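Subject: Structure handover

Hi there,

Here is the structure I promised to pass on. My notes follow below it, so please have the model open while you read.

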Amino acid sequence: MPFTHFTAMVVKKFSRNPNLINRIDKFFRSKMYHKKGLWVIKKKKGGKFPTHPKSTAVVAPPSTTAIKPPKYPADDVEKSLINKHKPKPIKLRASITPGTGLIILVGRFKEKRVVFLKQLVCSGLLLVSGSFKVNGVSLRRVNQAYVIATSTKVDVSGVKIDKIQRKFMLFLVFVVVDIVVVVHCQKKKKCCCS
């Protein structure tokens, strides 16, 4: 045989009292008493089984501060990922400077010429105005991807736009919407009355 180290067979250990059915053994208690030879041990010790002497050492009471086993959740709980990404300030195109004339390419004011005032800090959008009296474009936010810069320059040094931020723009939008709703309602009332 090529595998000589496997030749030694492992001898299986069988109990002296095999289990016939669940909880029913082949031999009863009195039979096993004789089979194990317990009667011989009892006879040698003068009719009593040998006992171990009780230790007189004082056993310390179990400590009350027992270490609690760690608790694990029943289901796998998804850990929320921490977003360590810090937004970088949006770079303004070199051709766009305060006072530059821009042409809007998309949206409601498509092909309209406007003047660039400043770039908003939080969103990076461009604050533009067409001057409402000239071409009907009010103060708006526009993405720089949707404008073309022209060579036209306008002096905007006297325009006070320091306090205009995102919150102001949102407020402006709500005010404009409210005014439009009021005007629309008034027009309907006039139509109904006439």
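In what order do the elements of the protein chain run from the N terminus on? The order is β-β-α-α-β-β-β-α-β-β-α. That comes to four helices and seven strands, where helices (H or I, at least four residues) and strands (E, at least two) are DSSP runs numbered from the N terminus.

Before the details, a word on the basis. This is a predicted model, in which local features need pLDDT of at least 70 and side-chain atom pairs count only at pLDDT 80 or more, while totals for chains, interfaces and linings use all residues. Residues are numbered from 1 along each chain as its sequence is written, and side-chain values use heavy atoms, with hydrogens and water left out.

**The chain as a whole**

Of the 194 residues in the protein chain, 17% are buried; buried means under 20% relative accessible area, exposed over 50%, and partly exposed in between (1.4 Å probe, protein chains only). The chain exposes about 18,100 Å², and carbon and sulfur atoms supply 62% of that area (Shrake-Rupley method with a 1.4 Å probe; for residues, only the protein chains shown count as cover). Taking contacts (heavy atoms within 4.5 Å) between residues at least 6 apart in sequence, 47% join residues at least 24 apart.

**The sheet**

Five strands make an open sheet, ordered β6-β5-β4-β3-β7, with antiparallel pairing; two strands pair if DSSP finds at least two bridges between them. At the edges are β6 and β7, each of which pairs on one side only. On average, neighbouring strands of this sheet are turned by 45° against each other, direction ignored (axes are lines fitted to C-alpha atoms, for helices over the stretch in contact, and angles run from 0 to 180 degrees between N-to-C directions).

β3 pairs with β7 in the antiparallel sense over four bridges, and Thr100 stands opposite Lys153 in β7. Three bridges join β3 to β4, again antiparallel, and Leu102 has Val114 as its bridge partner in β4.

Over in β7 (residues 147-153) you will find Ile148. Is Ile148 buried or partly exposed? Ile148 counts as partly exposed because its relative accessibility is 40%. Leaving aside neighbours within four places in sequence, Ile148 is in contact with Gly101, Leu102, Ile103 and Leu105. Ile148 and Ile103 are 45 residues apart in sequence, yet 5.1 Å apart in space, C-alpha to C-alpha.

Arg140 belongs to β6 (residues 140-142) and, at 28% relative accessibility, counts as partly exposed. Arg140 and Val128 are twelve residues apart in sequence and 5.4 Å apart in space, C-alpha to C-alpha.

**The cores**

Which residues form the largest nonpolar core? There are eleven: Ile96, Leu102, Ile104, Phe109, Val114, Phe116, Leu126, Val128, Val137, Val142 and Val147. Such a core is a set of buried Ala, Val, Leu, Ile, Met, Phe, Trp, Tyr and Cys residues joined through side-chain atoms within 4.5 Å. β3 (100-104), β4 (113-119) and β5 (126-129) each supply at least two residues of this core. Another core, of six residues, lies apart from it and includes Val115, Leu117, Leu127 and Ile161.

Leu126 is worth a click. Its bridge partner in β6 is Val142. Beyond neighbours within four places in sequence, the contacts of Leu126 include Leu92, Ile96, Leu102, Phe116, Arg140, Val142 and Val147.

Lastly, have a look at Asn17, in the segment before β1 (19-21). Asn17 counts as buried because its relative accessible area is 15%. The Asn17 side chain reaches two backbone nitrogens: that of Lys26 at 3.2 Å and that of Phe27 at 2.8 Å. These are polar contacts, meaning pairs of N or O atoms within 3.5 Å; within protein, one must be able to donate a hydrogen and the other to accept it, and residues adjacent in sequence count only if both atoms are side-chain atoms. Setting aside neighbours within four places in sequence, Asn17 is in contact with Asp25, Lys26, Phe27 and Met32.

Best wishes
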